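Dear colleague,

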Amino acid sequence: MSEDHIDWGYLERKAWEVLKKYPLCDRCLGRLFARLGHGLSNKDRGRAIKTSLIMTLHKMIIEGAPQSIFTDVAPNIGGPASGLYRKLTGQDLEERTCAICGGRLETFIEEAVERAIPLIKAYGVKRFIVGARVSPPILEREERIKEEYKLEHGESIRAEIRREIGKLIQERIDAVAEFERPEATILVEFPSGAVWIQVNSLLLRGRYWKLGRMISQAYWPTPEGPKYFSIEQALWPLLKLTGGERVILHASGREDVDARMLGTGRPMVVEVKVPRRRDIPLQEMEETINKSNRWVKIALEGYATRQDITLYKSEEARKEKTYKALIAVEGGVAEEELRKIEEELTGRVIMQRTPTRVLHRRPDILRRRRVLETSCKTLTKTLAECLITAEGGLYVKELISGDNGRTTPSFSEILGRGAECVELDVVAVKL
Ligand SMILES: [Zn+2]
């Protein structure tokens, strides 16, 4: 009886062809047909195909085909074939090891799940994704078989590992496998069995206010201790609350160390690296930070994403800022002179070479920024106070002093004598 005359279905025929050459476990056989049927596991598929194949071959033997049609392929089918094999030959079946996974996939999945669960619990993760690394020879063997038999409905072993592990973890603990804002990635390596966790940062969106001067944004360590108190240091209580390893501040721009940040506050994203707790209410985090120091206050508005950080950074240059400057003028200043400054500067593009005070760390370039509005009043004979709204990135201290002609026009240039910014506050940052 030639196989061309056998009346059997696509699945049995393909499976028989593959299994004549390659021993395959239920999962690896089922995976070759993974996109046929829905809501089934590859193990179910493989087992069903094997069962159906065994029954078909048995029917052919009953109808006169030689037993070898089954006994030759039985060791490659494995377990499900053992009953019929014993019945026909009186011997125990010696199963061969799966040609793709080496027979390790089943236990690997179970063990990986058992290793992943304590890691997920230790970091209080509720949403995770699974990533899988599979040794290249295994991927190649699988691809080769698919090509050799023109099997077009399969999926990769990597996809199966990821899905099955995700599914089992989800069934066993209170966590979901989710691509939307995952809190951690469980990485598994097949066949080594290594399992590790990559915990994503906790990202919080909010604003900060700097009520004092000589406070830096980033933590600034020196051998004698921090150079200044910093916004980042003010955020350190978050480490205790979350069990995180590090706090990083991503602010939308920055003010000078000696400038206060008042008014609207400055938009920021706070990043807590490798947190062990994530379920702390925003209000509790906010209050703990605000109670812990006098000079830095924060408001937390919600959770952020990596894209928010990029957005905050990229839009920084275009954002409007309003400053309040206390200005000292040599020989005093009259109200009419302030009107002249308001008139000349409002709407004006200011040309600024990199300020002398930052030349040691920034390249000497020319920047153009527009002043949108100025409003000044005299406080004493020599002191004036100005509200200046400008495009982000304008160096306000230099707008006042002129920086020896490196910034033009400037208060000094318009007045024809020295003017200097004595105190500077940022009062509004638009987002
Ligand atoms: Zn296998």
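A residue is called buried under 20% relative accessible area, exposed over 50% and partly exposed in between, with a 1.4 Å probe and protein chains only. By that scale Thr310 counts as exposed, at 52% relative accessibility.

Please keep in mind that this is a predicted model, in which local features need pLDDT of at least 70 and side-chain atom pairs count only at pLDDT 80 or more, while totals for chains, interfaces and linings use all residues. Residues are numbered from 1 along each chain as its sequence is written, and side-chain values use heavy atoms, with hydrogens and water left out.

To begin with the sheet: helices (H or I, at least four residues) and strands (E, at least two) are DSSP runs numbered from the N terminus, and two strands pair if DSSP finds at least two bridges between them. Four strands form an open sheet in the order E2-E1-E3-E4, and the pairing is mixed. Strand E2 (176-177) and strand E4 (195-199) are at the edges, and each has a single partner strand, so one side of each is left without a neighbour in the sheet. Strand E1 (residues 127-134) runs parallel to E3, with seven bridges between them, and here Val130 stands opposite Ile186 in E3. Strand E3 (residues 184-190) is antiparallel to E4 and is joined to E4 by five bridges; across this pairing, Leu187 faces Trp196 in E4, and Val188 has Val195 in E4 as its bridge partner. E3 is also mostly covered, six of its seven residues being buried.

The turn from E3 to E4 deserves a look in the viewer. The hairpin of these two strands has four residues between them, and Gly193 there takes a positive phi near 90°. As background, most residues other than glycine have a negative phi, and most peptide bonds are trans.

Two residues other than glycine have a positive phi. For Arg181 the value is near 45°; Arg181 is in the loop between E2 and E3 and counts as partly exposed at 48% relative accessibility. For Met214 the value is near 55°; this residue is in the loop between E5 and E6 and, at 43% relative accessibility, is partly exposed as well.

Next come the pockets. On a 1 Å grid over the protein atoms alone, a pocket is an open set of points where a 1.4 Å probe fits, with protein on both sides within 12 Å along at least five of seven lines, and lining residues have an atom within 4 Å of a point. The largest pocket holds about 1,100 Å³ of space. Its lining has 39 residues, and those closest to the centre are Arg254, Glu255, Asp256, Arg361 and Arg362. Among the elements that each supply at least two lining residues are strand E8 (246-251), strand E13 (366-378) and helix H15 (396-401).

The second largest pocket has about 400 Å³ of space. It is lined by 14 residues, and Arg181, Pro182, Ser201, Leu203 and Ala304 are the closest to its centre. Strand E5 (202-210) and helix H13 (306-315) each give at least two residues to this lining.

Arg27, in helix H2 (residues 26-31), is buried with a relative accessible area of 6%, and its side chain makes a polar contact with the side chain of Glu106 at 2.7 Å. Thr310 lies in helix H13, and its side chain reaches the backbone oxygen of Arg306 at 3.1 Å.

With best wishes

Definitions and conventions:
Points joined across faces, edges and corners; volume = space filled by probe spheres on them. Polar contact = N/O pair within 3.5 Å; in protein donor to acceptor, adjacent residues only side chain to side chain.
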